[in-house]
Each structure stands twice: as structure tokens, then as C-alpha cells.
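Welcome, and keep a viewer open. The exercises below can be worked through one step at a time.

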Amino acid sequence: MKINKLMLGTTSLVAMSLLAACGNSGDEGASEGSSDELSVWVMGDGNEVTQPLFDSFTEETGIDVNAQSIPWSAVHDRLLTAVASGEGPDVVQMGSTYMAEFVDAGALMDITEYVEGSDEISPDNFFEGNVETTVFDENYYAVPWYTETRALYYRTDLLEEAGYPEGPATWDELSDAAMKLSERGDNYYGFTIPINEQTFGPMFAKQNGSPIIDDEGNAVMNEPEFVEAIEYLNGFIESGASPSQDLGIEISQSFGGEGINPMFISGPWMITAIQDQTTDIEGKWAVRTLPEGPVSNVSNTGGANLAVWNNSDNPEEAVQLIEHLTSTDSMLTYYENSSSLPARMSTWDEEPFQDENVAVFGEQLENSEHMPVIEEWDRVSQAYISSFEQIIVGGADVQETLDNLNQEVQTMID
Amino acid sequence: MKSKKAPYFFIAPAIGLLLTFSIFPIILALVISFTDMSLAGLADYSRINFTGFQNYQNILQDSIFLKSITNTLFYVIFGVPLVILFSLTIAILINMGRSRYFSFMRVVFYSPSITNIVAVAIVWAFLFNPSQSIGLINRVIGMVGIGPIGWLTDTSVSKISLVILAVWRSIGINMLIFSAALQNIPRSMYEAAELDGATKWEQIRFITVPQLKFSTSFVTITTIIGWLQFFEEPFVMTEGGPLNSTTSVALFIYRNGFQNNQFGYAAAGSLLLFVVIICATLVQLRLQRRAD
Amino acid sequence: MINIDKKLKITIGVVLGLWGLITVIPFVWMILSAFKTNPEIVAAQPNLLPNEWTLDNFRELFQRLNFDVYLLNTVIITVLGFVGLLLNAMAGFAFAHYEFKFKNFLFVLVLATMMIPGQVTMIPVYLLLNQLGLTNTYLGIVLPGLTGAFGIFLFRQFFSSISEEFFEAARLDGASDFYVFFRVALPLSKPIIAVQGILTFIGGWNSFLWPLIIANDQRFYTLSVGLQLLQGQHGTNYALQMAGAAFMVVPILIIFIIFQKYILTGFNISGGK
């Protein structure tokens, strides 16, 4: 019997090592030459969007770039495994909300000396809201690439009927206009409250003066500033000016045609979506900066940065590539290919950004902040969504729910 | 003569692979479940702290985890019998004909299982759409004056919607297993029964069903295990919402592990789920043995 | 099979037809949507049939994505997956027809692996493959899922239903264990091989996570990864995704129709058919 056990052990061992051997021989071809080429991870389908930028880099410098596109649905999974094995690319596109956790995990390289020593990627060139997401303990870990912010989309024809041809300019006007528009009949609404949008409620809270998490690291999500903002939003649901459920319809169905939902807040990507999908309302819609709240009309900014992976063998070349990608020329090409807004301020002087609707986002960007850049933010915002859902869908008491939320968030931060 | 070494040779490769890629990871998960491992810990093992049973204590007080358990039980209780009943019925009905039409029907019932989940998610989002003008299901039931129903947005129906979707997807493969087994039943048995004057129903009841004992127990066990690990449907359709009404245990684990980076916490959840599945399978095996 | 008269057969045919129609609607919808433009898919009043048939989606699919590379990878991974099928059959046969030490323990172990929630194993398995130097290889993509409890279980269940004497007869003629397995047992299990073969094929064909995690190079991506790449960060071109999904489903359909014959040919121990 002992012999049999031994045999079992050896057979499996032999099998494993054989398999491993096959693997190694196949591996050689793939990893060959990785030292003199830069590997880059971009999110989403980069074949068309980013490849031209890498091609022009190779042309200029002679450095080859091996770009890998990661599907959006698996970005976090892929980054996790890269952290686990320590084997990442040289340059990686980092969503601004991911920055804190991956910097904390030591996955990204401190590139302060490069950032401070370069005119090209100096922080002064980029929107402040975006630069904030690259700084941790006064060190720089990334360079802003593209940015986004939220503004108000509205149907000019319908808003004119409601008495606001320029769109609502304040919170009061917004609720008044929404109310009037929802009175058009059953199944008509005025304003969309996206229940699953992580930044929606916190953004309104900021407009009401709430820091969400104060300087001492205390959550203040049950203080009057935050509570009032949520109550303001809940008012839309209670008065029937907003649907209490996700209607599950596309923008062409809600915003186009009769305009079931004639006002919503969203990012710049919606411009092309509306142009492509709802040809029936051409010239009947516009974008404006967010309505002014009691304190401000600050919007939420996001986007992505470019960072160097911690154990990159070619940090110099990696930074060189980042400089290339964040140059005005590259940013223009990138905008044309992907409609992503440049984080470099000077690029906004160029022609495409003089378009009326796009310019609104430029204007709003000057008054945009990022959500708190802490590593727990993802969990915090998920907890917020679940509380917001309880209030909006479940009809829970606002103060009580937010008291619970605040406590939960506080334990996360501590 | 049977060689004594032969069985070891036969099982060695499969067992070796399973040990490496399943047993070893679950043992690792057991260790992780007693730590506070996070993303930082993954990068630098010195940042992992041993926390004892803290994760288990916390998770058993986590209202969302408890809710995900009730949801998962709902899925199992309704999903499993429906899948077995439907796939068995369809397999038997299809097996009654020999023409092209009947084998074409097998392709038809199999089509849901081969449709890529990306397409499934898109199509069913349209089918389940709450609006009466867009959602096909609501449009149809609207004709007879019912609805509209918020299939994925109403907390009281969302679980049922996912069960419908998952049953639709899993009939195909189980029907196929039953079909394969039906080939195994000798025609002579039916002929003998018919000579004795048995009706069609009696033939199904007393020949087909008992003869399918092995496959039925197989399908039952794998289906129960599959539904206890219910993940894909809520993941692509609802992300567990609204109000966590569709969050399954597996989805809860995924969210905590891969989105929130709380690997210790997620591992504790996985281990609990693992134990529950083992218990459920043992109970099921015991029941079947008793029925024999 | 049960003998039935014509009238009953027609009734059954009609019942199956109606049930099948409901079942197949989403599938048909997917196929038809592949020929629509995106604005038409998201139109306020969607129709089942395209207003205007277009092949642009397929054209764009091949121009935009390296679908030829992905296709080749998918085929390689699928073919490699069939090695696992053989390993499963071997193990299932041993568990059904041999007595050996720790047999029950090992079988329970096999079953237990089926119960492990898939989410836990990802990172450990990745680290392991990384240690073995298998990242960026086809082998690394296939290996974790090569054998599975489901398959072993199904084969064991099947082989148990065949009486021992059947194999004894061959052994009495002096055949070796391997001869018995490859020449007697394996051919008998055609229906199960067919079922498993289809599953293996679909598994390989739709494999998404490992090709993505293991690859450090887009050259190892599969069709399924390509399909996911089509998903935008904000808003998605449904038409393109539907075309991709429809394109991917065709080979599976063909394979299924071929394998179905084997399920039906089956076998019959008592000989009479």
C-alpha cells in the first residue's frame, strides 16, 4: 500500500512539473524583449482610442509600447491580481477613485521628483480637482489625464414652457421647474434622481456646505448640511417630480420624444450619446452649469490619472510616455477618439472646446471638486447608496437613516 | 485481473489538479479568514494582522449578510424544484418523438445555456423593463390588464424575476443530462409494460422516473450546489439591488472581497457558505439513501 | 422509449412548440438585434424585426477588434479543455469500478471541490500559477479549470450504472485495465462524453476571467474578453455587443447539433433497440 501512495504522490508531482515545464517553454516567446518595451494598461477598448497615441510615441522616441486593454467590468479584479503578484505594467491608467487604495497598498511609484522637475507634467498645468487625486502625504503618485464633471442637461423647449428658458439657476428654481414639468400628466416627471449614482447625494451636500468628512477625519453625514441636501432630493420623490424607481429606460426614451424626464445631471459623455441616439430633439436641448445651492454650485469631478507601477524597470521611459500622453496634441487626439475631457487646462483653448455644450463643462470644471480621496471611499459610497435607497425607495426616515450611515462610515474610517 | 495500481493512475491527474487549484486555495482562505487582510496586506504580508474570530463575529451580525442568506434560501427553495421539474418534463416529452422536429426542439431548449451572459443581460433588461411600452413582458401582460410590474425594481418581485431568468438558463444542460440517461432505458421494458396494459402515464411513473434515479440524484445535487452559489444573474442584472433584495451570499462575498478589498471578511463568508453547502449536500444524500 | 400514437405525438409537438417559442424569444432577439443599428435598439418603441437590416455591426467588430486573434485563442483554449474531459472520465471510471484505499475519502474530496465558492480561489490560484511561471501561457489559462468535480461525478454516476460483469468479460480475455477503459468503457460512455464535450466546449468558448487575469498581453485574449471590451465606461453600443454575442454562438450551435447525434445514438446495454 505504501508503494501505491508513493506512486500517487510522484505521478501527480511528475504531472505538475511536466505541465509547468510545458508552460515555461511557451512563456519564453511572450516575455522576450519586455525590457526594451514599455507595457501599458488602459481601460476599456483601447485599440482605436489610445493606440494612435502610442504609435506616435514609438515614432518619436523609438521605444516600443505594448498596450493591453482591460475591460471595464474587470478592471478592479485585474489590478488586484497585479498587486498580489507585484507584476504590473510600466504605466497604468488609474481611475481617480482607485488612487487612494492602490497608493496605500504601495502599488504605485512615487514620481514626485519627475513631476517637480518637468514643465510638461507640473501640477500647475492641470485642474486642481484632478491634481488633488494624485497627491498623498505631499508626494505625487500620478499625473492627471482626463477629467470629467457633471452639469445639468435640459430640454429647452419644455423648460421654456415651464418658464425657465435658460434652465433653472438655483435649487429653488430646479424644484419649481421639476414640479411644473411633472404636472404634465401621469408618468411624466421633471428631474432624474439617480439612485445608484455614488456621488449624487454627496455632491448636493457639498453645495449645501457639507464637507462629508471633515478635516479631523470625522464623518459629518448626519449634520444639518448633509441632511438638508438629502431632504431636498427626497422632496422631488415625495412630490412626484422624480420617479422613485429607476425607470430602466435609455436616454433616447426618457429625454427624447415627449421628454418623460426633461432634466438630468450627467457627465460630458452624454453629449455624444444624445446626438447619436435622439435625432428627434435636435436643437431642443442644452447643457448648463449646476443650479446654485445655498453655498455653491460645486460639481463632482473624476476621470483618470496615469501612474507608474511600483516595480517598473523603466521609470524614466514610463514618465516620458506619460509626458507624451498628457501633451496638448495627444489630449486633442484622445478627445477626438474618446470624448474624454482633457485634464490639462491649456488644451481648453483649442477649437473643439469652443463648442457651446462642451464649453459648459469647461466652465463647470473650474468649480468642481473630487470626493474625499481616502482609501475607504468606495465602501463609504456604497454605504451611502444603500442608505439613499432606503430613503428614496423604502421611504425610511431621513435623519435616522443618516445617523446610522454616519456611524457606519465612521467605523470604516477608523 | 484488475491491477491494484490502475485506479491510482486513473485518478492521479484529476485529483492532483483539484488539490492544487481547489483544496489548496480553500485551506488558504481558511487561514485568511482569521486575518484582516486587505489590499495593502496582499502587497505586503507584514501588514496582515491576525484577528481571531473577529471576521466571523462581525459577519454574523452583518444585516446584509443575513439578508443574503434568506435571499439565497429563497433562490434554492424555488429554483431547484422548478429546474428539475421542467428539465425532466422537457426531456421526456422530446424523447417521445424521433423526428427532426423533436431534435430541433432540443436545440431550442438548449439555446439559453449557450447565449453569452453579456447578451443575456442586455436582452433580459429589455424584457424585464418596467415601462409598458418598452418591456416585452409588461407589454404582453398589459394586454390582459395586468401590470405593469417592476420586475427588477420592485423589492417584492425582484427575486422572482431572477429565478425566472436562472431557470430559463439552466433547463438546457439538465435536460441534456436527462436525455442522455433516457437512452439508457431499454425499449423492452416499455414493451413488456404495454403488454401488461400499463397506460402511458404509468409507464412514465413506474419505468422512466425510477430508471432515471441516478441522473435525478445527480441533477438534484448539482443544482442545489449551483443555486447555493447563485451569482451571475444578480451580478449582471441587479447588482444585488434594489435594497439588497436580490443579493446572494456569493455576490456578498464578491462585493466584500473584490470591490471592498476586505479579503479576510470575504473569506470568512466563503467558509460559512462552504460549510452550508456541504451540510445541504449531506442532507440530500441521506434523504436519497432513505428513499431507496 | 414509450410507444405513442400519432394524435398524442402531435399534441406533445404542439405543447413543446409553444413552450419552445417562449424559451427561444431572447435568443432570437439577440440574433435579430445584431442586424439593427444601435439607435434602433434603444428606440422608444423597439420592434423585434430590424427596420433596416445592416451588416455594419459585424464589419465594425472585425475592424475594431482583433477578432481573428481572439478567435484563434478561443479555439486553442477550447481544444486544450478536452484533455480535461479525458482526465475526468478516467477518474470517474476508477471511482465507479475499483476498490482502493481512501476511495470514499477521495471521492468526498472531489465532491467538496464542487462546493467551494469560486470567488475565494481566484487570488490563491493566480499566485500559484505565477509561481509556476505559467502567466502569459495558454496552459495557465486552461489548467485551473481543466478537471472538475461535476465531470468526474457525472462519469462516475454513469459508469456505476453499468454492471461490473460487462467489464469482467473483457478482463477474462486478458485485456489490461487501460484497454478496458479506452476500448470498452470509454466508447460506452458516448452520451456522457457528448454532454461533457458540449459543456467543455462552452466553458472554453466563453472563458473570460482567466484569459484576462493570466494574460499580460492582449495576444492571449479570447472572444469573450473581446466582447467585454466593447462595454464602455458610460453607455454601451448594444448593437455591437449583440453582433459579437451572435457571432460567438454560431459555432456552439453547430457543435451542439453534431454532438446531439451522439447523445441520441447512445448505447443500450441489454442490446435491444
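This is a predicted model: local features need pLDDT of at least 70, side-chain atom pairs count only at pLDDT 80 or more; totals for chains, interfaces and linings use all residues.

Residues are numbered from 1 along each chain as its sequence is written, chains are lettered from A and ligands numbered from 1 in the order in which they are written, and side-chain values use heavy atoms, with hydrogens and water left out.

**Exercise 1. The nonpolar cores**

Find which residues have the most contacts inside the largest nonpolar core.

Solution. 
- Step 1: Start with the terms. A nonpolar core is a set of buried Ala, Val, Leu, Ile, Met, Phe, Trp, Tyr and Cys residues joined through side-chain atoms within 4.5 Å. Buried means under 20% relative accessible area, exposed over 50%, and partly exposed in between (1.4 Å probe, protein chains only).
- Step 2: The largest core holds 226 residues, and Met94(A), Leu108(A) and Trp227(B) have the most contacts inside it.
- Step 3: Helix α8 (residues 158-182) of chain B supplies the largest share of this core, 15 residues. Helices here are DSSP runs (H or I, at least four residues), numbered from the N terminus.
- Step 4: A second, separate core has 49 residues, including Leu152(A) and Ile212(A).
- Step 5: Now look around Trp227(B). Leaving aside neighbours within four places in sequence, its contacts (heavy atoms within 4.5 Å) include Tyr75(B), Val80(B), Val163(B) and Ser170(B).

**Exercise 2. The faces of a helix**

Work out which residues of helix α9 (residues 164-172) of chain C are buried, and what they pack against.

Solution. 
- Step 1: The buried residues are Phe167(C), Ala170(C) and Arg171(C).
- Step 2: Look down the axis of α9(C): the buried residues fall within an arc of 100°, so they line one face of the helix. The arc is taken from the directions that run from the helix axis to the C-beta atoms.
- Step 3: As background, an α-helix has 3.6 residues a turn, so residues three or four places apart point the same way.
- Step 4: On the face turned away from the buried side, Glu165(C) and Leu172(C) are exposed.
- Step 5: The buried residues of α9(C) pack against α4 (67-97) and α10 (177-188) of chain C.
- Step 6: Just after α9(C), Gly174(C) has a positive phi of about 90°.

**Exercise 3. Salt bridges**

Solution. 
- Step 1: A salt bridge is a side-chain nitrogen of Lys or Arg within 4 Å of a carboxyl oxygen of Asp or Glu. Over all chains, the count comes to 16.
- Step 2: Shared partners join Glu164(C), Glu168(C), Arg171(C) and Asp177(C) into one network of salt bridges.
- Step 3: For another example, Glu99(C) bridges to Lys103(C), with the closest N and O atoms 3.4 Å apart. Glu99(C) is exposed at 69%, while Lys103(C) is buried at 12%.

**Exercise 4. Chain C against chain B**

Describe the contact between chain C and chain B.

Solution. 
- Step 1: The contact takes 99 residues from chain C and 96 residues from chain B.
- Step 2: The two chains bury about 9,100 Å² between them, 78% of it on carbon and sulfur atoms. This is the accessible area (1.4 Å probe) lost when the two parts are put together, summed over both.
- Step 3: Helix α1 (residues 6-33) of chain C gives the most to chain C's side, with 15 residues.
- Step 4: Between these chains the count is zero salt bridges.

Technical notes
Helices (H or I, at least four residues) and strands (E, at least two) are DSSP runs, numbered from the N terminus.
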